[in-house]
Amino acid sequence: MSKLVTIGVRIPEEILKDLEESAKEENMDKSTVIRQFILEGLREYKREKAARLYKERRVSIDGAAELAGLTVREMVDYLIRKGYKSSYSYEDLEKEMELFRKS
């Protein structure tokens with residue numbers, strides 16, 4: 001694991017109570033639970049950002065997967081679960097198949 005550093009964060013009491021409850025339920029200390037939630041949030045942020053960039057056609061599916069830290073298959077599955085629709089048409093497939101046949 002990387003070197004750990006200490007930071008100070010102000011959070012509402014309600015969130016602190018939820019964190020303490022989660023730590024108790026998971027039989028972990030508060031710091032570990034907080035690190036896990038932050039890590040989970042960062043992973044989701046990266047996936048959402050990659051999905052948005054893919055939807056905007058600013059990156060390929062390969063690029064989106066790399067940004068998200070996923071395989072291409074995992075990225076496709078993520079996009080499907082999130083309801084993203086592909087702009088890849090049947091005509092696009094036909095064109096690619098024709099190019100494949102010619103090569």
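Predicted model: local features only at pLDDT ≥ 70, side-chain atom pairs only at ≥ 80, totals over all residues.
The chain contains 5 helices and 0 strands, and its elements follow the order α-α-α-α-α from the N terminus. The radius of gyration is 20 Å, whereas the globule rule gives 13 Å for 103 residues; the chain is therefore more spread out than a compact globule. Along the principal axes, the C-alpha atoms occupy a box of roughly 60 × 30 × 25 Å. Buried residues make up 14% of the 103 residues of the chain.

Most residues other than glycine have a negative phi. Asn-27 is not a glycine, yet its phi is positive, at about 55 degrees. Asn-27 is located in the loop that connects α1 with α2 (30-55). Its relative accessible area is 72%, so Asn-27 is classed as exposed. Arg-57, also a residue other than glycine, has a positive phi near 60 degrees. The loop between α2 and α3 (61-68) holds Arg-57. Arg-57 counts as exposed because its relative accessibility is 64%, and the cut-off for this class is over 50%.

A patch of negative charge is present on the surface, formed by Glu-13, Glu-14, Asp-18, Glu-21, Glu-25 and Glu-26. One of these residues, Glu-25, belongs to helix α1, which covers residues 13-26. Glu-25 has a relative accessibility of 57% and is therefore counted as exposed.

Methods. Residues numbered from 1 in each chain as written. Heavy atoms only, no water. Patch = residues over 30% accessible without salt bridge, like charges linked within 9 Å, V, L, I, M, F, W, Y side chains within 5 Å. Areas by Shrake-Rupley, 256 points an atom, 1.4 Å probe, with all protein chains shown as cover. Salt bridge = Lys/Arg side-chain N within 4 Å of Asp/Glu carboxyl O. Lys, Arg positive; Asp, Glu negative; His and termini not counted. Charge placed at Lys NZ, Arg CZ, Asp CG, Glu CD. Helix = DSSP H or I, 4+ residues; strand = E, 2+ residues; numbered from the N terminus. Buried < 20%, exposed > 50% of the residue type's maximum accessible area, 1.4 Å probe, protein only. Rg over C-alpha atoms; globule rule 2.2 N^0.38 Å.
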